[in-house]
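This report describes one protein chain in plain terms. Please look over the sequence and the structure before reading on.

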Amino acid sequence: MENWLFSFPSSIHLNITEPIDQAISYMVQHWNAFFRILKLILGSMIKGTAAVVNYIPWWVLILLVMVQAFRSSGSWKKAGIYGLLLFFIGAVGLWKLMNQTLTIVIVSVLISLLFGFPLGILASSSRRAMRIMRPVLDTMQTMPSFVYLIPAVMLLGIGNIPAIIATTIYALPPVIRLTAHGIRQVDKEVIEAAKAFGSTKLQTLFKVQIPQAMPTIMTGVNQTIMMAISMVVTCSMIGATGLGTEVITGINRLESGRGFTAGTAIVILAVIIDRLTQSAFVRKGEKKYE
């Protein structure tokens, strides 16, 4: 006889896997036109972004990074270190793969911001919207990233397009949360003063609340970028090109050096992007309050 005090009753079984599988199968069969259009749009974005990224000469990109590093930190030492780190990626033969990774990250972040800003503004102005979004965002942030790959592959095949969808879903929550948080934290007296001078709701939002909340919003943008980069290796499992493929190849072939080199390049790319964006955002925020 089963002991219900110590073991969960085997007679109680809630099957949710079958309805989910049926829903995905239904979309595969009946939403082909929608997914074809989606693949066409995303494919065009990838090609356009890749053309721009590949058009920039390697030495120009290094110089741009060094200039931005100096502008944000005021230190030529840091600028030189960032330049040498980027040069290292090219020296080990991973420049082309780095550009492919940058393409996926840029497209994913742009889509995340396109949806994240409006949703964050909506969540900041509506408690009901925030109550609805909060469990969805919690699920998106805590769900293992591998889970997003299954429906993405079933609906869109393998390659960069499903990788962008999975990366967007994973990277979207921070910009929504921090946009809503930043706008809600704006001093109420400032908002009341704007209304007293005859500002409409839209004028108050775009000329007062968003500028005041910009440092917090930009922190959300920074976190979205970093989460997109963190999906590089995961998405390579479904055919996404870039540095992640080198890591996976190194694992499959037990080539430690190959995997370590590609992993180092990913770390360098993530650190440079994080430092440059973070410094630029903090400086902008400080200037507005000086």
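## Basis of the values

This is a predicted model, in which local features need pLDDT of at least 70 and side-chain atom pairs count only at pLDDT 80 or more, while totals for chains, interfaces and linings use all residues. Residues are numbered from 1 along each chain as its sequence is written, and side-chain values use heavy atoms, with hydrogens and water left out.

## The chain as a whole

The chain has 13 helices and zero strands. Helices (H or I, at least four residues) and strands (E, at least two) are DSSP runs, numbered from the N terminus. Along its principal axes, the C-alpha trace spans about 70 × 60 × 45 Å.

Of the 290 residues, 42% count as buried. Buried means under 20% relative accessible area, exposed means over 50%, and partly exposed lies in between (1.4 Å probe, protein chains only). The accessible surface of the chain comes to about 17,200 Å², and 67% of that surface belongs to carbon and sulfur atoms. Such areas come from the Shrake-Rupley method with a 1.4 Å probe; for residues, only the protein chains shown count as cover.

Contact means heavy atoms within 4.5 Å. Among the contacts in the chain with a separation of 6 or more, 75% are between residues 24 or more positions apart.

The chain carries 24 positive and 12 negative side chains, and the centres of the two sets lie 9 Å apart. Lys and Arg count as positive and Asp and Glu as negative, with His and the chain ends not counted. The place of a charge is taken as NZ of Lys, CZ of Arg, CG of Asp or CD of Glu.

A nonpolar core is a set of buried Ala, Val, Leu, Ile, Met, Phe, Trp, Tyr and Cys residues joined through side-chain atoms within 4.5 Å. The largest one here has 74 residues, and Leu 86, Met 98 and Ile 229 touch the most other members. Which residues does Ile 229 contact, leaving aside its neighbours within four places in sequence? They are Val 105, Ile 266, Ala 270 and Ile 273.

Leu 85 sits in helix H4 (residues 76-91). With 28% relative accessibility, Leu 85 counts as partly exposed. Apart from neighbours within four places in sequence, Leu 85 is in contact with Ile 268 and Ile 272. Leu 85 and Ile 268 are 183 residues apart along the chain, yet their C-alpha atoms are separated by 6.6 Å.

Why is helix H12 (residues 243-252) described as largely enclosed by the rest of the structure? Seven of its 10 residues are buried, so the rest of the structure largely encloses it. The buried residues are Leu 243, Gly 244, Glu 246, Val 247, Ile 248, Thr 249 and Gly 250.

Leu 254 follows H12 and lies in the loop between H12 and helix H13 (256-289). Its phi is near 55°, a positive value in a residue other than glycine. Leu 254 is exposed, with a relative accessible area of 76%.

## Salt bridges

A salt bridge is a side-chain nitrogen of Lys or Arg within 4 Å of a carboxyl oxygen of Asp or Glu. A search of the whole structure finds four of them.

| Residue | Partner | N to O distance |
|---|---|---|
| Asp 138 | Arg 177 | 2.2 Å |
| Arg 258 | Glu 255 | 3.4 Å |
| Arg 275 | Asp 274 | 2.7 Å |

Asp 138 and Arg 177 meet in a salt bridge. This pair links distant parts of the chain, with Asp 138 in helix H6 (residues 127-142) and Arg 177 in helix H8 (residues 160-184), 39 residues apart. Asp 138 is partly exposed at 34% relative accessibility, and Arg 177 is partly exposed at 21%.

Glu 246, Glu 255 and Arg 258 are linked in a network of salt bridges.

Arg 275 lies in helix H13 and is partly exposed at 39% relative accessibility. Arg 275 and Ser 73 are 202 residues apart in sequence and 9.3 Å apart in space, C-alpha to C-alpha.
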